[in-house]
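Subject: Structure handover

Hello,

Here is the structure I promised to pass on. Please open it alongside this message, and read on for what I found.

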Amino acid sequence: MFQNIGEMLVLFWRTLKALPLAFRHGQKVLGQLFEIGNASLFMACVLSLFIGGVLSLQSGPVLAERGLSNLLGGIVGMSMCRELAPVMMAVLIAGRIGSSMAAEIGSMRVYQELDALRTMNINPIHYLVLPRVLAISLALPALVVFSVLTGWLGGALAAVYNPKIAITFSTYYSYLDLVVDPWDVINGLIKSFCFAVVIGVVSCHQGLTTIGGPRGIGRSVTKAVVNSIVLILILDYFLTQLLLHFE
Amino acid sequence: MSVAETKQISVRLRVRGLRKSYDGHPVLKGVDLEVERGEVFVIMGPSGSGKSVLLRHLIGLEAPDEGEVLVEGLPIHGPEVMERYRLAMVFQSGALLNSLNVAENVGLYLSEHRLKPPAEIERVVRDKLTLVGLKGVEAKMPSELSGGMKKRVSIARALVIEPQLILYDEPTSELDPLMAVTIGEEIVRLNEQTQATSVVVTHDRDLAFGIADRMAILLEGELRALGRPEEIRQCQDPAVKAFLEADFKFKRK
């Protein structure tokens with residue numbers, strides 16, 4: 001485990017060192033961005049709509065019983081942008097994109113494509129890892145913005161149309177506006193950026209260290225997703241602690 | 001001195017005391033050999049004798065436990081070799097990038113290192129594909145190619161580098177005899193045209209004796225014979241003789 005962590009830190013450092021080459025790989029970054037957006041945007045919006053709705057359904061009636069249903073917009077708004085959207089989107093992207101990154105690079109490793117790159121003096125970190133880590137680091141915060149907005153909408157729809165809550169859109173959004181400030185959204189975006197780097201580095205590392213045939217690729221994919229999610233949840237705690245200091 | 005400044009068209013390769021083990025199991029047991037500039041050198045041996053491992057050491061894909069590989073006197077793992085000399089390898093499987101089409105695969109070295117403008121790369125790719133007998137396949141994906149075509153595309157990709165040293169890993173494996181002969185002819189013709197030093201790893205005796213200027217027999221990680229093809233044929237080592245003379249001898253009832 002410690003060897004893996006060490007290797008991932010080295011990979012992260014080498015990717016950071018390759019950042020000045022980012023413009024050179026602009027086309028690859030755009031290609032990856034399109035793939036991530038294309039594969040995940042619709043799913044992210046549907047997921048977030050229902051997460052917001054469930055949040056409203058769970059907390060709305062409890063608040064309504066105590067005459068506090070007006071606060072619902074603030075609760076859903078705050079929960080979505082600070083915690084639920086970044087974490088849920090990171091889990092979604094780890095499953096959809098992290099797994100495909102690990103599988104693609106893993107199969108390249110197994111079928112000697114990485115060796116072919118090396119014999120052409122093409123650094124796999126520059127060619128494969130940098131564009132993927134950059135793309136996912138840009139795409140995940142963007143997805144979180146969509147997720148927050150659709151999550152708020154989902155919460156509003158459940159709050160307005162559920163008879164046990166039954167508040168108006170304007171009440172919902174006025175309290176949301178009152179409670180949520182730009183820092184809360186930025187807080188979520190910072191978290192999602194960090195999660196994206198974790199997913200990118202973990203998935204690429206698993207791909208690059210794949211051994212064996214198709215079974216090895218399968219093992220790498222599983223490890224990429226599981227390790228990413230575990231690291232995201234652990235990192236979430238420490239990031240929350242850290243970001244609370246800046247408030 | 002950069003690659004562009006390197007005038008000589010081929011390089012000398014020297015292997016000294018190369019040893020490699022995997023999980024305590026020795027695969028190479030002290031290999032010494034020299035490959036002269038511009039020659040076709042064949043390393044032959046049965047499956048599992050360590051040929052491909054040796055080849056991977058020759059291009060720096062593996063680090064030896066002991067010994068060294070020198071290209072014109074420079075260690076293969078040093079930073080200078082890749083900067084000074086152009087090396088290429090044709091993999092047994094072709095190792096084409098499956099996400100790129102044939103033209104992108106062949107032109108990858110030029111486009112990634114930004115050595116030529118796109119129109120020029122297109123021309124070079126077309127020329128190299130023509131050289132290996134492939135025309136009109138630029139837009140095809142590797143999955144649409146036969147085994148022989150993949151090998152040829154892989155050779156074209158290696159030629160784009162204008163290599164001074166080109167390594168072939170089992171170039172005729174999985175090919176029918178006709179295609180194997182064609183690939184063998186390509187290797188000799190390209191060696192004559194480009195003057196690049198060529199190292200071929202194979203267990204195909206017909207190919208080896210057909211194309212080699214010099215050859216080596218590798219058995220269980222040790223070089224058991226080294227010399228010109230006619231000298232190898234005269235080798236009295238029983239293990240080498242057994243390998244060279246193995247044949248199908250069935251009694252029909």
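This is a predicted model: local features need pLDDT of at least 70, side-chain atom pairs count only at pLDDT 80 or more; totals for chains, interfaces and linings use all residues.

**Chain B overall**

Chain B has 10 helices and 10 strands. Its radius of gyration is 19 Å, close to the 18 Å that the globule rule gives for 253 residues, so chain B is as compact as a globular protein of that length. Along the principal axes, the C-alpha atoms of chain B fill a box of roughly 60 × 50 × 35 Å. Buried residues account for 43% of the 253 residues in the chain. Now take the contacts in chain B between residues at least 6 apart in sequence: 68% of them join residues at least 24 apart.

**The four-stranded sheet**

Start with the open sheet in chain B. Four strands form it, in the order 2-1-4-5, and the pairing is antiparallel. Strand 2 (25-35) and strand 5 (74-75) of chain B are the edge strands, each pairing on one side only.

Strand 1 (residues 13-22) of chain B is joined to strand 2 of chain B by eight bridges, and the two run antiparallel. B:Leu13 stands opposite B:Val35 in strand 2. B:Ser21 has B:Pro26 of strand 2 as its bridge partner. The two strands form a hairpin with two residues between them. In that turn, B:Asp23 has a positive phi of about 50°.

Strand 1 of chain B also pairs with strand 4 (residues 66-71) of chain B, antiparallel, over five bridges. Look for B:Arg16 here: it stands opposite B:Glu68 in strand 4.

**Strands 3, 9 and 10**

Next, follow strand 9 (residues 214-219) of chain B. Strand 3 (residues 40-44) of chain B pairs with strand 9 in the parallel sense, over four bridges. B:Ile43 stands opposite B:Ala216 in strand 9. Strand 10 (residues 222-227) of chain B is joined to strand 9 by five bridges, and these two run antiparallel. B:Ala216 stands opposite B:Leu226 in strand 10.

B:Leu96 lies in the loop between strand 6 (87-90) and helix 3 (102-106) of chain B. Is B:Leu96 buried or exposed? B:Leu96 is buried, because 28 other C-beta atoms lie within 10 Å, and 20 or more is the cut-off. Beyond its neighbours within four places in sequence, B:Leu96 is in contact with B:Asn105, B:Pro142, B:Lys150, B:Val153 and B:Ser154. B:Pro142 is 46 residues from B:Leu96 in sequence, yet their C-alpha atoms are 6.7 Å apart.

B:Asp206 sits in helix 8 (residues 205-211) of chain B. B:Asp206 is partly exposed, with 13 other C-beta atoms within 10 Å. From B:Asp206 to B:Ala119 it is 87 residues along the chain and 41 Å between C-alpha atoms.

Helix 2 (residues 26-65) of chain A has 40 residues. From first C-alpha to last it reaches 55 Å, close to the 58 Å expected at 1.5 Å a residue. Where is the kink in helix 2 of chain A centred? The kink is centred on A:Ser40 and is about 40°. Just after helix 2, A:Gly67 takes a positive phi of about 70°.

Helix 3 (residues 72-110) of chain A has a kink of about 55°, centred on A:Met80. Just after helix 3 of chain A, A:Gln112 takes a positive phi of about 65°.

**The core**

The largest nonpolar core has 139 residues. Which members touch the most others? They are A:Ile136, A:Leu140 and B:Val42. Leaving aside its neighbours within four places in sequence, B:Val42 is in contact with B:Val200, B:Thr202, B:Ala208, B:Ile211, B:Ala212 and B:Met215. In soluble globular proteins, nonpolar side chains tend to be buried together.

Best wishes

How values were computed
Residues are numbered from 1 along each chain as its sequence is written. Chains are lettered from A and ligands numbered from 1 in the order in which they are written. A nonpolar core is a set of buried Ala, Val, Leu, Ile, Met, Phe, Trp, Tyr and Cys residues joined through C-beta atoms within 7 Å. A residue is buried if 20 or more other C-beta atoms lie within 10 Å of its own, exposed if 12 or fewer, and partly exposed in between; C-beta atoms are placed from the backbone. Two residues are in contact if their C-beta atoms, placed from the backbone, lie within 7 Å. The radius of gyration is taken over C-alpha atoms; the globule rule is 2.2 Å times the number of residues to the power 0.38. Two strands pair if DSSP finds at least two bridges between them. The expected span of a helix is 1.5 Å times one less than its number of residues. The bend at a residue is the angle between axes fitted to the seven residues ending there and the seven starting there.
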